[in-house]
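Dear colleague,

I am passing on the structure we spoke about, with notes on what was found in it. Please read them with the model open beside you.

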Amino acid sequence: SSSVLVHRNLSTVSATELSNKRTWREYEDKSTGRKYYSDGLTTTWDKPDGFISPDTIVANTSSQDDKNEPSKKKKRNSVSSNAVIKKEMVSFSTKEEAVAAFKGLLLAKGISPALKWIEVTKLCECDSRWDACDQILSVGERRQALAEYQTKRANEIRNEQRQERIRAKEAFGQLLTDVLPTVLGFSARTSRFVEVRSALAKDDRFYAVEDEATRESLFLDFCDDFKKREERKQRSKKREAQESFISFLQEREESGS
């Protein structure tokens, strides 16, 4: 049986296997299902010393793969992170789009109208949008965009401050309207700001205006308007009284009295 096995396997061994002398390989006898081993010259049913079967190699490889799995996952995560970073990189089809994006970056970073170019660079250069704009806009074009942004932003800030002052003055004016008529002894002609200040300071609207000089100025303006309203009321009453007297005289004349 062994001689037949030797003959059959030697006839089926390839030329490559014959050249690799003393390299044992594992085979399976199709008729019996038994494992046998050959080095190209010798065939035997017994496992040679030091021989490692392919199954053992596969098992060891799988075990090593399991050990390396965390590092592979880490590597995959790293690759995935790089992919996300690449995806977040933006690009612009036109310079106009890039300029608009650059100004949007400046707004998002809170760049003030007085900030210098070198300071703007330090604040923005780590942002991916800065790099994207750098790909399509020259330094001169970006500096021009900065100048346009800062001019517009300065105008916006001035307008915001103006609106804030208007709201503060309106609130303070309403405070004067609500409180001064209730202050004992108040006179728009003779009262001074210092005399009514304590009554006004109890209301939070008093502090809507920051400085004392502006508060006093608004108080004086209120007093002037108050006096003018009182004068108009007096003139109106006088005119009504005159018209009423004239009407009375006409009625008497018509009645023949």
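Which residue forms a salt bridge with R142, and how far apart are the closest N and O atoms? The partner is D134, with 2.8 Å between the closest N and O atoms; a salt bridge here is a side-chain nitrogen of Lys or Arg within 4 Å of a carboxyl oxygen of Asp or Glu. R142 counts as buried because its relative accessibility is 4%, whereas D134, at 37%, is partly exposed. For these words, buried means under 20% relative accessible area, exposed over 50%, and partly exposed in between, with a 1.4 Å probe and protein chains only.

Before going further, please note that this is a predicted model, in which local features need pLDDT of at least 70 and side-chain atom pairs count only at pLDDT 80 or more, while totals for chains, interfaces and linings use all residues. Residues are numbered from 1 along each chain as its sequence is written, and side-chain values use heavy atoms, with hydrogens and water left out.

The overall layout

The protein chain holds 9 helices and 3 strands, and along the sequence they follow the pattern α-α-β-β-β-α-α-α-α-α-α-α; helices (H or I, at least four residues) and strands (E, at least two) are DSSP runs, numbered from the N terminus. Of the 257 residues in the chain, 22% are buried. The accessible surface comes to about 18,500 Å², and 51% of that belongs to carbon and sulfur atoms, with areas taken from the Shrake-Rupley method with a 1.4 Å probe and, for residues, only the protein chains shown counted as cover.

The nonpolar cores

A nonpolar core is a set of buried Ala, Val, Leu, Ile, Met, Phe, Trp, Tyr and Cys residues joined through side-chain atoms within 4.5 Å. The largest one has 19 residues, of which F172, L180, F186, L200 and F219 touch the most other members. Helices α7 (139-179), α8 (193-200) and α9 are the elements that give two or more residues to this core, and the largest share, 5 residues, comes from α7. Leaving aside neighbours within four places in sequence, L180 is in contact (heavy atoms within 4.5 Å) with L175, F186, V196, L200, F219 and F222. Apart from this core lies another, of 16 residues, which include F92, W130, L137 and Y149.

Another joins E230 with K233, their closest N and O atoms being 3.9 Å apart; both residues lie in helix α9, 3 residues apart, or about one turn of the helix. E230, at 29% relative accessibility, and K233, at 48%, both count as partly exposed. Salt bridges that share partners also join K109, D127 and R129 into one network. Leaving aside neighbours within four places in sequence, D127 is in contact with L105 and K109.

With kind regards
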